[in-house]
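Dear colleague,

Please find below the structure I am handing over to you.

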Amino acid sequence: MARPPHQQKKQRKPKPKAEAPPLLRVSGLRRRFGEVDVLAGFDLDVRAGEAVALVGRNGAGKSTVLRCVTGADKPTGGTIELDGKPLDERSEQVRTHLAVVMDDMDFFPDLSVVEHLDLFAKAHRVADAQELVDEVLHEVGLIAQAGQLPGTLSSGQRRRLALASAFVRPRQLLVLDEPEQRLDRAGLDWLAGRLVQEKAQGLAVLMASHATALVEAVADRVVDVGAHREPAGREA
Ligand SMILES: Nc1ncnc2c1ncn2[C@@H]1O[C@H](COP(=O)(O)OP(=O)(O)OP(=O)(O)O)[C@@H](O)[C@H]1O
């Protein structure tokens, strides 16, 4: 039986959700090399749970954006904020937000695969580091190579180690520069699945990529860096 009106629970309309502030906000980013403005006012927002792919021709400036975001390069102008704080603060919070896999990752020549991952996990004070390292080693297919030194790995295995290092540490934003490089078909499928899973867990992904299938599988938004500029050699 229906309750009299004064006893009925009020059906509250759900309040419209204020749009979450972006985890990463890049505003008016400029980077000049010599006489060339590689980036001339680049804007980008990336929200938690979102993947953004930077695409574009060779030399468009994709890695330059990522290098500025990770603090590896210093912009000529503009601002970069991570969780509302200027990136150049390099605060503990900012450092623990970012997991980075760039093109040119170096490894210690005298530390084995498992020692690298242990180092990453323990340096970031991960609880149950050993368990997580073991899980990730299995996941990236490097369990048989756990005791090998980086110099004895194939280039694809080194790429898997670089990716593994991002998955054994805390992170809110994953920055990946052409993560598809040197991965075989199975590796590409695994990576796509893993990045979709990262998003589902509320993490943000920013990657530069030339791999159309990976971009299509993972990215919520695709940003063509330097789309407004002519390819090298065609500029007036
Ligand atoms: N340290 C540097 N000194 C001078 N020029 C640089 C430097 N770093 C990058 N550049 C130039 O900036 C431009 C953009 O380079 P960037 O690596 O960002 O391109 P990209 O879009 O990532 O290209 P690719 O698809 O080939 O990886 C290129 O013309 C490059 O030569």
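Two residues are taken to be in contact if their C-beta atoms, placed from the backbone, lie within 7 Å. Please note that the model is a predicted one.

In this sense, the buried residues of helix α6 pack against β3 (51–55), α5, β7 (173–177), β8 (204–208) and α7 (212–218). Those buried residues are Leu191, Leu195 and Glu198. They lie on the same side of α6 because the arc they cover around the axis is only 55°. Arg185, Ala186, Gly193, Gln197 and Ala200, on the other side of α6, are exposed. The helix itself spans residues 185–200, and its 16 residues reach 23 Å from the first C-alpha to the last, close to the 22 Å expected at 1.5 Å a residue. After α6 comes Gly202, with a positive phi near 90°.

Helix α4 (residues 129–139) has Val133, Val136 and Leu137 as buried residues. Their arc around the axis is only 105°, which puts them on the same side of α4. Glu131 and His138 are exposed on the other side of this helix. The partners against which the buried residues of α4 pack are α3 (113–123) and α5 (155–167). Gly141 follows α4 and has a positive phi, near 75°.

Finally, the ligand. Among the residues that surround it are Phe33, Val38, Asn58, Lys62 and Ala208. The shell comprises four nonpolar residues, six polar and one charged. Helix α1 (residues 62–69) gives the most to this shell, namely three residues.

Yours sincerely

Note on methods: Residues are numbered from 1 along each chain as its sequence is written. This is a predicted model: local features need pLDDT of at least 70, side-chain atom pairs count only at pLDDT 80 or more; totals for chains, interfaces and linings use all residues. A residue is buried if 20 or more other C-beta atoms lie within 10 Å of its own, exposed if 12 or fewer, and partly exposed in between; C-beta atoms are placed from the backbone. Helices (H or I, at least four residues) and strands (E, at least two) are DSSP runs, numbered from the N terminus. The arc is that of the directions from the helix axis to the C-beta atoms. A residue is near a molecule or strand if its C-beta atom, placed from the backbone, lies within 6 Å of it. Ala, Val, Leu, Ile, Met, Phe, Trp, Tyr, Cys and Pro count as nonpolar, Asp, Glu, Lys and Arg as charged, and the others, Gly among them, as polar. The expected span of a helix is 1.5 Å times one less than its number of residues.
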